[in-house]
Amino acid sequence: MLIKPYEKRISIRTSLMGVTAKISKDGNTWEDVAEKDISDSGIGFEAVGDHNVNDILKIEFDVSDHVHKMSFACDIKVKFKTGRAEGKHFYGAKFQNISKSDHTSLAVLIELLATRYPTLLMQ
């Protein structure tokens with residue numbers, strides 16, 4: 001699908017089975033997180049670590065259809081945090097400093113997986 005520069009892309013936020021992610025405050029110590037939803041502009045995830053709203057974290061994540069895999073790395077800014085059971089929190093974060101090409105690739109990949117392969121959607 002070709003998006004003309006003046007068209008506004010509609011973000012699809014969805015939960016996909018083929019997403020793995022890890023976050024870091026310092027770029028050295030990484031924590032695996034459980035992705036709950038993802039779009040081309042941000043990610044929702046569960047984590048054991050205690051992070052605050054407006055924290056800037058590093059994230060590395062893969063999106064896969066179990067045949068092909070794309071990897072992404074950028075910063076995220078924590079926009080909200082809610083408490084969860086078992087010491088985990090749910091976070092909503094916005095991608096920061098994501099390259100234009102990664103942003104476009106992620107948007108197209110999420111749209112493709114969400115619309116063409118509904119079996120990859122988490123219930």
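Me: Before we look at this one, what does buried mean here?
Reply: Buried means under 20% relative accessible area. The model is a predicted one.

Me: OK. Is His51 buried or exposed?
Reply: His51 has 6% relative accessibility, so it counts as buried.

Me: Where is His51 found?
Reply: His51 sits in the loop between S3 and S4.

Me: And what does its side chain make a polar contact with?
Reply: The side chain of Glu31, at 3.4 Å from that of His51.

Me: Which residues is His51 in contact with, leaving aside neighbours within four places in sequence?
Reply: Ile23, Lys25, Glu31, Leu57, Lys81 and Tyr91.

Me: Switching to the fold. How do the strands run in the barrel?
Reply: There are 6 strands in a closed barrel, in the order S1-S2-S3-S6-S5-S4, and the pairing is antiparallel. From one strand to the next, the twist averages 40°.

Me: How many bridges join S1 to S4?
Reply: S1 and S4 run antiparallel and are joined by 6 bridges. In that pair, Ile23 stands opposite Ile59 of S4.

Me: And S4 with S5?
Reply: Those two pair over 9 bridges, also in the antiparallel sense. Lys58 has Asp75 in S5 as its bridge partner. The S4 and S5 hairpin has 4 residues between the strands, and His66 there takes a positive phi near 75°.

Me: What about S2 and S3?
Reply: They run antiparallel, with 4 bridges joining them. Ala34 is opposite Glu46 in S3.

Me: Now the core. How many residues are in the largest nonpolar one?
Reply: The largest nonpolar core has 24 residues, and those with the most contacts inside it are Ile38, Phe45, Phe61, Val63, Phe95 and Leu106. Strands S1, S2, S3, S4, S5 and S6 and helix H1 each give two or more residues to this core.

Me: Take Phe61. What does it touch, not counting residues up to four places away in sequence?
Reply: Phe61 touches Thr20, Ala21, Ile38, Met70, Ser71, Phe72, Phe95 and Leu106.

Me: Leu106 is in the helix, then. Which residues of H1 are buried?
Reply: Leu106, Ala107, Leu109, Ile110, Leu113 and Ala114. An α-helix has 3.6 residues a turn, so residues three or four places apart point the same way.

Me: What covers the buried residues of H1?
Reply: The cover includes S2, S4, S5 and S6.

Me: Last one: how far does H1 reach from its first C-alpha to its last?
Reply: H1 has 17 residues and reaches 24 Å, close to the 24 Å expected at 1.5 Å a residue.

Definitions and conventions. Residues numbered from 1 in each chain as written. Predicted model: local features only at pLDDT ≥ 70, side-chain atom pairs only at ≥ 80, totals over all residues. Heavy atoms only, no water. Core = buried A, V, L, I, M, F, W, Y, C linked by side-chain atoms within 4.5 Å. Buried < 20%, exposed > 50% of the residue type's maximum accessible area, 1.4 Å probe, protein only. Contact = heavy atoms within 4.5 Å. Polar contact = N/O pair within 3.5 Å; in protein donor to acceptor, adjacent residues only side chain to side chain. Pairing = 2+ DSSP bridges. Axes fitted to C-alpha atoms, helices over the stretch in contact; angles between N-to-C directions. Expected span 1.5 Å × (residues − 1).
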